[in-house]
Amino acid sequence: MRRLARHILYGLCLVILPFVGLPDTACPSTSGPIQGVVVTVTTGIPGTMVIRDDRGGLHILKLTQQTQLGAQFKPGDKVVAFTSPYGVSAVQLQTGAP
């Protein structure tokens, strides 16, 4: 009987889990620009850029041929990345106060 109850409980967890969703920090941000410091950059198309924001969160950006790059970036550069539901649209060096 306990085995059956355990299997039912596991089954319910598997059914409910997809509806719970991910925490906000794990979901891609499409509401506004991402500001932070470049941690790593891989060159080439497609490439990736990892940005650490002011709160310490890491954002992995997938760079494609459609991504407009404002410079050749290196670790330590302060950048602002603009995103859309389709991906990263532009990355620029951050100038002045945000």
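Ser84 stands opposite Gly87 in strand β6. These two residues open a walk through a predicted model, in which local features need pLDDT of at least 70, side-chain atom pairs count only at pLDDT 80 or more, and totals for chains, interfaces and linings use all residues. Residues are numbered from 1 along each chain as its sequence is written, and side-chain values use heavy atoms, with hydrogens and water left out.

Start with the strands around that pair. Strand β5 covers residues 78–84 and pairs with β6 in the antiparallel sense over 6 bridges. The two form a hairpin, with 2 residues between them. Strands here are DSSP runs of E with at least two residues, and helices are runs of H or I with at least four, numbered from the N terminus. Two strands count as paired if DSSP finds at least two bridges between them.

β6 (residues 87–93) also has a parallel partner, strand β4 (residues 68–69), joined to β6 by 2 bridges. Within that pairing, Leu69 has Val91 of β6 as its bridge partner.

Now step back to the whole sheet. It is open, holds 6 strands and runs in the order β3-β2-β1-β5-β6-β4, with mixed pairing. β3 and β4 stand at the edges with a single partner strand each, so one side of each is left without a neighbour in the sheet.

Next comes the other end of that order. Strand β1 (residues 34–42) runs antiparallel to β2, and 6 bridges join them. Val37 has Arg52 in β2 as its bridge partner.

Arg52 stands opposite Leu58 in β3, and Val50 stands opposite Ile60 in β3. These two strands form a hairpin as well, with 4 residues between them. Gly56 sits in the turn and has a positive phi of about 90°.

How enclosed is strand β2 by the rest of the structure? Of its 7 residues (47–53), 5 are buried, so β2 is largely enclosed. Buried means under 20% relative accessible area, exposed means over 50%, and partly exposed lies in between (1.4 Å probe, protein chains only).

Two loop residues deserve a look. Thr67 has its place in the loop between β3 and β4. Thr67 counts as buried because its relative accessibility is 9%. Its side chain reaches the backbone nitrogen of Thr64 at 3.1 Å. A polar atom of the Thr67 side chain also lies 2.9 Å from the backbone oxygen of Val88. Polar contacts are pairs of N or O atoms within 3.5 Å; within protein, one must be able to donate a hydrogen and the other to accept it, and residues adjacent in sequence count only if both atoms are side-chain atoms. Leaving aside neighbours within four places in sequence, Thr67 is in contact (heavy atoms within 4.5 Å) with Lys62, Val88, Ser89, Ala90 and Val91.

Phe73 has its place in the loop between β4 and β5. At 12% relative accessibility, Phe73 is buried. Leaving aside neighbours within four places in sequence, Phe73 is in contact with Val41, Met49, Val79, Val91, Gln92 and Leu93. Phe73 and Val91 are 18 residues apart in sequence, and their C-alpha atoms are 9.3 Å apart in space.

What about charge? Side chains of opposite charge can pair when their charged atoms come close. The structure holds 1 salt bridge, a term for a side-chain nitrogen of Lys or Arg within 4 Å of a carboxyl oxygen of Asp or Glu. The side chains of Lys74 and Asp77 meet in a salt bridge at 3.2 Å, N to O. Lys74 is exposed, with a relative accessible area of 52%, whereas Asp77 is buried at 11%.

Met1, Leu4 and Ile8 make a nonpolar surface patch of about 380 Å². Patches are made of residues with over 30% relative accessible area and no salt bridge; like charges are joined within 9 Å, and nonpolar side chains (Val, Leu, Ile, Met, Phe, Trp, Tyr) within 5 Å. Accessible areas come from the Shrake-Rupley method with a 1.4 Å probe, and for residues only the protein chains shown count as cover. Ile8 lies in helix α1 (residues 2–20). Ile8 is partly exposed, with a relative accessible area of 48%.
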